[in-house]
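I opened my notebook for a quick look around this fold. Here is what I looked up, entry by entry.

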Amino acid sequence: MSGAGGADRAVGPDGVELRRARPEDGVAVAGVFAAARAEMRYLPALHSHEEHVAFFSTRVLPTSSVTVARTGGEVVAFSAVTDGWLNHLYVEPAHQGGGIGSALLGRAKDESPAGLSLWAFAANHRAIAFYGRAGFVEVRRTDGSGNEERQPDVQMHWAGAR
């Protein structure tokens, strides 16, 4: 893995390429987001594909440290970190469970040695367990009134490298 100031590219599990996102990755990132969220049946569908593309292309990619994971020339996962917050980490369902999410999280932690915080939906038990195994601890739970989806969520924090 490369850390902050490291190479733009790294090799993850099974030869998966990790690299910094480029402006033209907005469509692919939105596709990964939509595919992963479609499996989260407890979430309402709030936005169109076009709105997702616009959001990631104009708001997330320009303002966050975004890493994409590619295999076979296709983006299959991504993470986005801003100011100590892991705002997004999504893996296409067909590629989940193979270490790609762990590789993206490892890179995010390498680039944020002072610590990372995140929010996960309370119903996303797999994500909460995944982050717990990676050293994140639960900070608080909410009723979801503060998020767009109005779904209960969990704030988690990793204290950083020691």
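**Entry 1: a helix pair.** I am working with a predicted model. I began with helix α1 (residues 26-38) and helix α2 (residues 49-60), whose axes come within 8 Å and cross at roughly 125°.

Which residues do the touching? From α1 I listed Gly26, Val27, Val29, Ala30, Phe33 and Ala34, and on the α2 side they meet His52, Val53, Phe56 and Ser57. Sorted by class, this contact has seven nonpolar residues, three polar ones and no charged ones.

**Entry 2: the cores.** Next I looked up the largest nonpolar core, which has 27 residues. Leu86, Ile100, Leu105, Tyr131 and Phe136 have the most contacts inside it. I then checked which elements give two or more residues to this core, and found β4 (74-82), β5 (85-91), α3 (100-111), β6 (116-121), α4 (125-133) and β8 (153-158). The largest share, five residues, comes from α3.

Leaving aside residues up to four places away in sequence, Leu86 touches Ser79, Ala80, Val81, Leu105, Ala108, Leu116, Ser117, Leu118 and Tyr131. There is also a second, separate core of 18 residues, and Phe33, Leu43, Val60 and Tyr90 are among its members.

**Entry 3: Phe130.** I found Phe130 in helix α4. Is it buried or exposed? Its relative accessible area is 18%, and the cut-off is under 20%, so Phe130 counts as buried. Beyond four places in sequence, Phe130 touches Gly101, Ser102 and Leu105. I also checked Phe130 against Glu17: they are 113 residues apart in sequence and 21 Å apart in space, C-alpha to C-alpha.

**Entry 4: two positive phi values.** Most residues other than glycine have a negative phi, and I went looking for exceptions. Asp83 is not a glycine, yet it has a positive phi of about 50°. Asp83 sits in the loop between β4 and β5, and with a relative accessible area of 76% it is exposed.

Arg150, also not a glycine, has a positive phi of about 60°. I placed Arg150 in the loop between β7 (137-142) and β8. Its relative accessibility is 52%, so Arg150 counts as exposed.

Methods:
Residues are numbered from 1 along each chain as its sequence is written. This is a predicted model: local features need pLDDT of at least 70, side-chain atom pairs count only at pLDDT 80 or more; totals for chains, interfaces and linings use all residues. Side-chain values use heavy atoms; hydrogens and water are left out. Axes are lines fitted to C-alpha atoms, for helices over the stretch in contact, and angles run from 0 to 180 degrees between N-to-C directions. Helices (H or I, at least four residues) and strands (E, at least two) are DSSP runs, numbered from the N terminus. Contact means heavy atoms within 4.5 Å. Ala, Val, Leu, Ile, Met, Phe, Trp, Tyr, Cys and Pro count as nonpolar, Asp, Glu, Lys and Arg as charged, and the others, Gly among them, as polar. A nonpolar core is a set of buried Ala, Val, Leu, Ile, Met, Phe, Trp, Tyr and Cys residues joined through side-chain atoms within 4.5 Å. Buried means under 20% relative accessible area, exposed over 50%, partly exposed in between (1.4 Å probe, protein chains only).
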